[in-house]
Amino acid sequence: MSNCWVEYDESTPFPIQNLPYGVFKLINEDAAQARAGVAIGDYVLDLAQLQQNGLFDPLLGSCFSEPGLNEFMSLGREAWVSARSTITDLLTGENPALKDNEELKNSALIPLSNTENLLPARIGDYTDFYSSREHATNMGKIFRPNEAALKPNWVWLPVGYHGRASSVVLSGTEIRRPNGQIKARDSPAPTVKACGKLDFELEMAFFVGPGNNLGDPITIQNAEDHIFGVVLMNDWSARDIQGWEYVPLGPFNGKNFGTSITPWIITLDALEPFRVPGPEKDPATLDYLTDTTDAAYDIHLEVLLQSEKMAQNDIEPAKISESNFKYLYWSMKQQLVHHSVTGCNMSPGDLLGSGTISGPGDMYGSFMELSWNGSREVELPTGETRAWLEDGDNIILDGWAQGDGYRVGFGPCFGPVLPAHPL
């Protein structure tokens, strides 16, 4: 499936095999004119225009004219498969209705450089998990060196917490260093000051498609029908704020000041060729979480950092770590199933984060692990060192699934760090 008539470089993250969905507007348009699009090479295909020209199945209605993908997400797998098939046929010339219509082609195929992305959906609820065994083990060793690294419940269920949907932002949004209540180890009382341990977390997240009724759990057998697609995510973390507040109820202000996601949602259909077995479960999972299918995906992940000094001297971002989505112990399906086992009702556009994705050896998904809570430093090409993020730093997450002569990518998830407001 490489005979796309839209020309693009082999290194693009958005080949015909990908076709990720997003929401965009032209640079000179108002946000009220935002609509759905698909990225193809260096272009956006305006799905609203195609829908208005009658090129999609009527069962889709006018969902692509909405300023969010929630309605399309809610329609379910039959609608998703139909839309992807139509888009593929139009871009490969199997259906010449776009290729041979110069007026529509020139109007609906828009250079990415002429567009601006918006959040791809209205995110009603956001949950973040803690599903990497390697990350959880590293954190346990750092904070509880004389105890078992994993708490007893960790191997039985996907641990998670409810985050703030209001502070989920698009890649490229500046993140301001938070102020908060912090208590030094040798201090009798906490103080309010700027975070001194600002961290990133290398994560992925998925958007929920059709929801479930309150009281009716999603099962492992049908969980995949409720997963619309996947994005890269940076769960920004203020470790010193988090360290003081998290007992006994877990993360709060140390996590609520910003969560960055990529604008293009990669569907499970695009990731299907990269499906692999997940880590073996030990002990065996309880029945409701037992999955006999391959539910992991081989997606290479990287973390890069560019300091302000590097940017000023035109030095490219430096890779400081890498990992892979396939190492995640608890799968997306298991996360969703456990989240709803009580009958919790999920809604189209809900966002569920994976938790930090670390891997074997020195594949670390956070500065907490890279610096081992500040006890060692990462050296940059300028000779600068980092144990935590500093003002002016730009942290960049990237990821892709490598095919034969193509890659299904996400585009970078980045955010420059702004200084804290003065107190």
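A: Begin with how the elements are named: helices and strands are DSSP runs, a strand having at least two residues, and they are numbered from the N terminus. The model is a predicted one. Arg275 is found in strand S18, which spans residues 275-276.

Q: Which side chains make polar contacts with the side chain of Arg275?

A: A polar contact is a pair of N or O atoms within 3.5 Å. The side chain of Arg275 has such a contact with that of Glu272, at 2.9 Å. Another, at 3.4 Å, joins the side chains of Arg275 and Tyr297.

Q: Which residues does Arg275 touch, leaving out those up to four places away in sequence?

A: With those set aside, Arg275 touches Glu224, Asp294, Ala295, Ala296 and Tyr297.

Q: How is a strand within a sheet read, and how many residues of strand S14 are buried?

A: In a regular strand the side chains alternate between the two faces of the sheet. Burial is then judged residue by residue, with under 20% relative accessible area counting as buried. In S14 (residues 227-235), 9 of the 9 residues are buried, so the strand is largely enclosed by the rest of the structure.

Q: Which strands pair with S14, and in what sense?

A: Strand S13 (residues 202-208) runs antiparallel to S14, and 7 bridges join them. Here Ala205 stands opposite Val231 of S14. Strand S17 (residues 266-267) also pairs with S14 in the antiparallel sense, over 2 bridges; in this pairing Val230 is opposite Ile266. Strand S16 (residues 259-261) and S14 are antiparallel as well, with 3 bridges, and Asn234 has Ser260 of S16 as its bridge partner.

Q: How are aromatic pairs described, and how many are there?

A: A pair of aromatic rings is described by the distance of the centres and the angle of the planes. The count here comes to 13 aromatic pairs. In one of them, the ring centres of Trp80 and Phe228 are 5.2 Å apart and the planes meet at 80°, so the pair is edge-to-face. Trp80 belongs to helix H3 (residues 77-92) and Phe228 to strand S14, so this pair ties together parts that are 148 residues apart in sequence.

Q: Which charged residues lie over the face of a ring?

A: The test uses NZ of Lys or CZ of Arg, within 6 Å of the ring centre. Lys281 lies over the face of Tyr329, at 4.9 Å from the ring centre. Arg407 is placed over the face of Trp400, with a distance of 3.9 Å to the ring centre.

Q: How is a helix read, and what do the buried residues of H5 pack against?

A: An α-helix has 3.6 residues a turn, so residues three or four places apart point the same way. In H5 (residues 133-143) the buried residues are His135, Ala136, Thr137, Asn138, Met139, Gly140 and Ile142. These buried residues pack against helix H6 (239-245) and helix H10 (367-370).

Q: How many disulfides are there, and are Cys63 and Cys344 buried or partly exposed?

A: A search of the whole structure finds 0 disulfides. Cys63 is buried, with a relative accessible area of 0%. Cys344 has 24% relative accessibility and counts as partly exposed.

Note on methods:
Residues numbered from 1 in each chain as written. Predicted model: local features only at pLDDT ≥ 70, side-chain atom pairs only at ≥ 80, totals over all residues. Heavy atoms only, no water. Helix = DSSP H or I, 4+ residues; strand = E, 2+ residues; numbered from the N terminus. Polar contact = N/O pair within 3.5 Å; in protein donor to acceptor, adjacent residues only side chain to side chain. Contact = heavy atoms within 4.5 Å. Disulfide = S-S within 2.5 Å. Buried < 20%, exposed > 50% of the residue type's maximum accessible area, 1.4 Å probe, protein only. Pairing = 2+ DSSP bridges. Phe/Tyr/Trp six-rings, centres within 6.5 Å; stacked < 30°, edge-to-face > 60°. Lys NZ or Arg CZ within 6 Å of the ring centre and 35° of its normal.
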